[in-house]
Amino acid sequence: MSPKEITKIDITNEVFKDPVEVMKQLSSHLDIKYTKVIQTYVMEDRRLNISLEHQGSSYFKGKVIWIGNKKDDTEGTIFCVDTKDELKRINPTAENSESIILDIKKDLLSIKTASKTKCSVCGKNIEIFDEVNGCPICEAKAHKEHLIDWVRMKHSCPVCKKSLNVSSTGVIYID
């Protein structure tokens with residue numbers, strides 16, 4: 001009896017870290033063609049599929065157009081996905097994703113989503129399509145625009161109340 005061929009690989013840690021690590025995994029297991037443009041990997045053959053699942057049911061599917069890093073230089077990977085109707089950005093984080101599995105046989109990234117964190121400003125769940133930001137002191141998470149607006153108005157973190165400010169480029173910093 002031959003050993004069972006491994007066809008599914010957990011790449012959750014790589015996705016939470018950065019796109020370079022994701023591309024190393026994809027390149028070592030799939031024959032994908034891409035072009036690197038600064039910090040973004042543009043998929044040339046568009047054969048990598050992505051599926052979002054919640055409690056065993058698939059609710060979103062598409063083809064990966066590009067894989068990149070976050071604009072604010074925080075850890076993590078962003079996927080731009082073509083659903084045929086629109087382009088959507090997916091932002092998997094520890095707050096909204098349980099696992100990310102690469103299925104080699106299906107050329108598929110399967111992301112099990114789960115809202116584990118609420119926005120510290122509005123109280124609603126942080127979902128996989130949301131841009132997230134955090135307090136540089138206590139790391140309280142919030143929807144990016146909500147936290148920026150809060151800090152602009154209150155000049156503090158909504159959780160730890162420490163003094164913060166926002167740069168002209170939208171970066172939150174310790175005041």
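In which strand is the place of His 54? In this predicted model, His 54 belongs to strand E4, which covers residues 49–54.

View 1. Apart from neighbours within four places in sequence, His 54 is in contact with Tyr 59, Thr 113 and Ala 114. Glu 139 is 85 residues from His 54 along the chain, and the two C-alpha atoms are separated by 26 Å.

**View 2. The aromatic pair of Tyr 34 and Tyr 41.** The structure holds 2 aromatic pairs. In the pair shown here, the ring centres of Tyr 34 and Tyr 41 are 5.6 Å apart and the planes stand at 75°, so the arrangement is edge-to-face. Tyr 34 is partly exposed, with 32% relative accessibility, whereas Tyr 41, at 6%, is buried.

**View 3. The aromatic pair of Phe 60 and Phe 129.** With ring centres 5.2 Å apart and planes at 70°, this pair is also edge-to-face. The pair links distant parts of the chain, 69 residues apart: Phe 60 lies in strand E5 (residues 57–68), and Phe 129 in the loop between strand E9 (108–113) and strand E10 (132–134). Phe 60 has a relative accessible area of 11% and is therefore buried, the limit being under 20%. Phe 129, at 30% relative accessibility, counts as partly exposed.

**View 4. Lysine residues over aromatic rings.** Lys 88 is placed over the face of Phe 129, 4.6 Å from the ring centre. Lys 154 lies over the face of Trp 150, at 5.3 Å from the ring centre.

Terms used:
Residues numbered from 1 in each chain as written. Predicted model: local features only at pLDDT ≥ 70, side-chain atom pairs only at ≥ 80, totals over all residues. Heavy atoms only, no water. Helix = DSSP H or I, 4+ residues; strand = E, 2+ residues; numbered from the N terminus. Contact = heavy atoms within 4.5 Å. Phe/Tyr/Trp six-rings, centres within 6.5 Å; stacked < 30°, edge-to-face > 60°. Buried < 20%, exposed > 50% of the residue type's maximum accessible area, 1.4 Å probe, protein only. Lys NZ or Arg CZ within 6 Å of the ring centre and 35° of its normal.
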